[in-house]
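Here is a friendly walk through one protein model, meant to be read with the structure open beside you. Shall we take a look at its helices, pockets and rings?

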Amino acid sequence: MDLQGEDLISIADLSEPAIHHILREAKALVPAARGEESLDLLKGRILATLFFEASTRTRLSFESAMQRLGGGVLGFGLVEGSSVTKGETLADTVKMVEAYADAIVLRHPQEGAARLAAEFSTKPVINAGDGAGQHPTQTLLDLFTIWDEKGTLEGNQVVLLGDLKYGRTVHSLAYALALLGSDLTMVAPPTLRMPKEILERVEEFGGKPEETESLSEAIQAADVLYVTRIQKERFPDAQEYQRVAGSYRIDLRVLRDAKKDLIILHPLPRVTEIAPEVDRTPHALYFRQAFNGVPIRMALLNLILGGVA
Ligand code: NCD
């Protein structure tokens, strides 16, 4: 299994053994991710982070991961600080940046942008979210969190809740969970159901996803509840967003009939979909999940940029 020099655009680019390999490597890198060990596996290598959309966790955890491996990071703070505001195309931006760095992490509002960037770049491109498309590194850290907590990725009952139409994290995660043998139940407001083509793809990966509007029923059987935010910025009109805003919320009352060892994940940021009172319960894993972005991205960068963990 060799990821050296490879792009990562969709989670579907990775085989099952490749995913397991990344998870194991990440586990070994946890002490270094916490700063308890110091590594220089990527000394002298440079990662460019190109974020054309807002980000807190993804960007910072990529930067932390690269620096924890002894490498360097460059990028513009905001799109406003780059020549994109002068009309430079993504293709030209990528051609420039590849001259300054050894790999590129790209987040962009347009679906397909990362694939396009990879065509123009001779250096590896990692998709950090392309519109409502895919978010493969988020999926790797989601899988890591489930695997680390449950000991396996097989046979878990996983409920995906929320904006399954525009949410890229759930698109990537649904493929991977199907491939790895979890049972999927999708719970979404009627206008935000998972797109048909993604459901079909999930079936190709071996999944038999169920869809329901009954959250309370789905929660009773769940081992993992993956909650997502309604992707306000992707709605073509604000009124449509207002009609669904706040239509689901996880609080202590909703969790009354949940399994004791149910774990709740959320890619974050959350808005109103998980009440803060849930944070104090043993179900809440979303902050640990956010930390897991560091060891996962360390493992991935190390495999792609050629170090040996
Ligand atoms: C997600 C994203 O950008 O898709 N955030 C993240 O990367 N942790 C989820 C979201 O914005 O709702």
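## Helix 6 and what covers it

The buried residues of helix 6 are Pro 136, Thr 137, Gln 138, Thr 139, Leu 140, Leu 141, Asp 142, Leu 143, Phe 144, Thr 145 and Ile 146. Buried here means under 20% relative accessible area, exposed means over 50%, and partly exposed lies in between, with a 1.4 Å probe and protein chains only. That makes helix 6 mostly covered, with 11 of its 15 residues buried. Helices (H or I, at least four residues) and strands (E, at least two) are DSSP runs, numbered from the N terminus.

From its first C-alpha to its last, helix 6 reaches 21 Å, close to the 21 Å expected at 1.5 Å a residue; the expected span is 1.5 Å times one less than the number of residues. Just after helix 6, Gly 151 takes a positive phi of about 80 degrees.

Please keep in mind that this is a predicted model, in which local features need pLDDT of at least 70, side-chain atom pairs count only at pLDDT 80 or more, and totals for chains, interfaces and linings use all residues. Residues are numbered from 1 along each chain as its sequence is written, and side-chain values use heavy atoms, with hydrogens and water left out.

## The largest pocket

On a 1 Å grid over the protein atoms alone, a pocket is an open set of points where a 1.4 Å probe fits, with protein on both sides within 12 Å along at least five of seven lines; lining residues have an atom within 4 Å of a point. A volume is the space filled by probe spheres set on the points. The largest pocket has a volume of about 470 Å³. Its lining counts 28 residues, and Arg 107, Arg 168, Arg 229, Leu 268 and Pro 269 lie nearest the centre.

Which helix gives the largest share of this lining? Helix 11 does, with 5 residues. Helix 3 (57-68), helix 6 (136-150), helix 7 (168-180) and helix 11 (286-305) each supply at least two lining residues. By class, the lining has 7 nonpolar, 13 polar and 8 charged residues. Ala, Val, Leu, Ile, Met, Phe, Trp, Tyr, Cys and Pro count as nonpolar, Asp, Glu, Lys and Arg as charged, and the others, Gly among them, as polar.

## The second largest pocket

The second largest pocket has a volume of about 290 Å³. It is lined by 18 residues, with Gln 157, Asp 183, Leu 184, Thr 185 and Glu 210 nearest its centre. Strand 5 (157-161), strand 6 (183-187), strand 7 (210-212) and helix 9 (215-221) each give at least two residues to this lining. Its classes are 6 nonpolar, 8 polar and 4 charged.

## Aromatic pairs

A search of the whole structure finds 6 aromatic pairs. Rings of Phe, Tyr and Trp (its six-membered ring) pair if their centres lie within 6.5 Å; planes under 30 degrees apart count as stacked, over 60 as edge-to-face and the rest as tilted. Phe 52 and Phe 76 form an edge-to-face pair, 5.5 Å centre to centre with 65 degrees between the planes. Both Phe 52 and Phe 76 are buried.

Tyr 166 and Phe 235 form a tilted pair, 5.1 Å centre to centre and 55 degrees between the planes. Tyr 166 is buried at 12% relative accessible area, and Phe 235 counts as buried at 10%. Together with Tyr 241, Tyr 166 and Phe 235 form one aromatic cluster.
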